[in-house]
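Work through the two exercises below with the sequence and the model at hand.

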Amino acid sequence: GGCQREGVKLQHSHVSAAARAVRGSGRGREYPRPMEGSLSQTRQVTPGGHDLRREVVAHHQRERILTATVGLVAEVGYRALTVAAILKRAAISKLKFYELYDSKEDAFLAALDSGLAEVGERVEEATKAAGEVFATRVDAAIAALLAFCAERPALTRAAVLEGPSLGPAAGDRHERALAAFAPIFAGAREAAGRGSLPEGLE
């Protein structure tokens, strides 16, 4: 009996020593950095990188909420949208949702802002790449817009058909959406003849 207890104590001390060695060996180790924005970032972080981990987790939680919100608005409409439905589709707890957004309206507005920023970047990149010929710039901008709409049908439907349901809460988003096309009007007067276009069109 005594020998058996001594053996258990010895085995336990060896395991504890091995565990301490493993924990100690991680200090200062440089881990491979996962792909930027990948879900693996929520699991592969450097020791002590708790702030980074929380930031990455929050980013993916926001993405899931916005994706769920857009999909549901496109399917059932904004008025029928509920926070409960967003939580279920996004697999997010009620607590986490309200840490990030105040309401379903807040989440929908955030989704619209994200989409507006993305389409604006697409249009701007396309017009820059098209060169200085006005007609070519217009063609490139329209093609970029249509390509975005084809890639993101749920967002397009939600923004175009359900966005007006927000009423005054939508703020200046309509004007900002139009402003995304401002770059294509650069050189419009020269192309059509100076003075033949309304003042302030650009």
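Predicted model: local features only at pLDDT ≥ 70, side-chain atom pairs only at ≥ 80, totals over all residues.

Residues are numbered from 1 along each chain as its sequence is written, and side-chain values use heavy atoms, without hydrogens and water.

**Exercise 1.** Classify the ring pair of tyrosine 78 and phenylalanine 108, and state whether these residues are buried or exposed.

*Solution.* Step 1: rings of Phe, Tyr and Trp (its six-membered ring) pair if their centres lie within 6.5 Å; planes under 30 degrees apart are stacked, over 60 edge-to-face, the rest tilted. Step 2: the centres of the two rings, tyrosine 78 and phenylalanine 108, are 5.3 Å apart and the planes stand at 25°, so the pair is stacked. Step 3: tyrosine 78 belongs to the loop between α2 (50–76) and α3 (83–90), and phenylalanine 108, 30 residues apart from it, to helix α5. Step 4: both tyrosine 78 and phenylalanine 108 are buried (under 20% relative accessible area, 1.4 Å probe, protein chains only).

**Exercise 2.** Describe how the axes of helix α5 and helix α6 cross, and which kinds of residue make the contact.

*Solution.* Step 1: the axes, lines fitted to C-alpha atoms over the stretch in contact, come within 8 Å and cross at roughly 145° for α5 (residues 104–130) and α6 (residues 134–151). Step 2: the contact (heavy atoms within 4.5 Å) involves residues including Gly115 and Val119 of α5 and Ala140 and Phe148 of α6. Step 3: the contact residues comprise nine nonpolar, three polar and four charged.

Methods:
Axes fitted to C-alpha atoms, helices over the stretch in contact; angles between N-to-C directions. Helix = DSSP H or I, 4+ residues; strand = E, 2+ residues; numbered from the N terminus. Nonpolar A, V, L, I, M, F, W, Y, C, P; charged D, E, K, R; others polar. Buried < 20%, exposed > 50% of the residue type's maximum accessible area, 1.4 Å probe, protein only.
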